[in-house]
Amino acid sequence: MLKRVTLLWTVVRGDARQLWAALRHPGSPGWLKLGTGLLALYVLSPIDLVPDFLPFIGALDDIVLVPLAIRWMLKRLPPHVAAATATRRR
């Protein structure tokens, strides 16, 4: 289980860095800031789609939904912001 989470983190880390760079970019759209804020609230909120008290399934929704949401937001960036922040993935 820990190996899978570590592997997932290495994959998501590049997307998270690009998202952070896109948030700091002066041309980033307002919906990106709102979406990132809502995603952070979802992660920190005790209310989930699947309750966390279920041993494995409760954490699975966070492990799957958060990277998908980050990737979805990055794919919808304006081309000039995506090009400027694509080098920040590493």
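The dialogue below goes from the overall fold to single residues.

A: Keep in mind from the start that this is a predicted model, and then begin with the secondary structure. The protein has four helices and zero strands, so that, by the way helices and strands are numbered from the N terminus, its pattern along the sequence reads α-α-α-α.

Q: How many of the residues count as buried, as a percentage, and how much area does the protein expose?

A: Of the 90 residues, 29% count as buried.

Q: Which residues make up the largest nonpolar core?

A: A core of this kind is read as a set of buried residues joined through side-chain atoms. Here the largest one has twelve residues, namely Val12, Leu19, Ala22, Leu23, Leu32, Leu39, Val66, Ile70, Met73, Leu74, Leu77 and Val81. The elements giving two or more residues to this core are α1, α2 (30–44) and α3 (57–75). Isoleucine 70, one of its members, touches Val12, Asp15, Leu19 and Leu39 once neighbours within four places in sequence are left aside.

Q: Is alanine 22 buried or exposed, and which residues does it contact beyond its sequence neighbours?

A: Alanine 22 belongs to helix α1, which spans residues 2–24. It counts as buried because its relative accessible area is 0%, whereas the cut-off for buried is under 20%. Leaving aside neighbours within four places, alanine 22 is in contact with Ser28, Leu32, Leu77, Val81 and Thr85. Threonine 85 lies 63 residues away along the chain, yet the two C-alpha atoms are separated by 5.9 Å. For the protein as a whole, among contacts with a separation of 6 or more, 64% join residues 24 or more positions apart.

Q: What does the side chain of glutamine 18 make a polar contact with?

A: Glutamine 18, also in helix α1, counts as buried because its relative accessibility is 7%. Its side chain makes a polar contact with the side chain of threonine 85, at 3.5 Å.

Q: Which residues make the nonpolar surface patch?

A: Phe56, Ile57, Leu60, Val64, Leu65 and Leu68 make a nonpolar surface patch of about 510 Å². Leucine 60, which is found in helix α3, is partly exposed because its relative accessible area is 34%, a value that falls between the 20% and 50% cut-offs.

Notes:
Residues numbered from 1 in each chain as written. Predicted model: local features only at pLDDT ≥ 70, side-chain atom pairs only at ≥ 80, totals over all residues. Heavy atoms only, no water. Buried < 20%, exposed > 50% of the residue type's maximum accessible area, 1.4 Å probe, protein only. Contact = heavy atoms within 4.5 Å. Core = buried A, V, L, I, M, F, W, Y, C linked by side-chain atoms within 4.5 Å. Patch = residues over 30% accessible without salt bridge, like charges linked within 9 Å, V, L, I, M, F, W, Y side chains within 5 Å. Areas by Shrake-Rupley, 256 points an atom, 1.4 Å probe, with all protein chains shown as cover. Salt bridge = Lys/Arg side-chain N within 4 Å of Asp/Glu carboxyl O. Polar contact = N/O pair within 3.5 Å; in protein donor to acceptor, adjacent residues only side chain to side chain.
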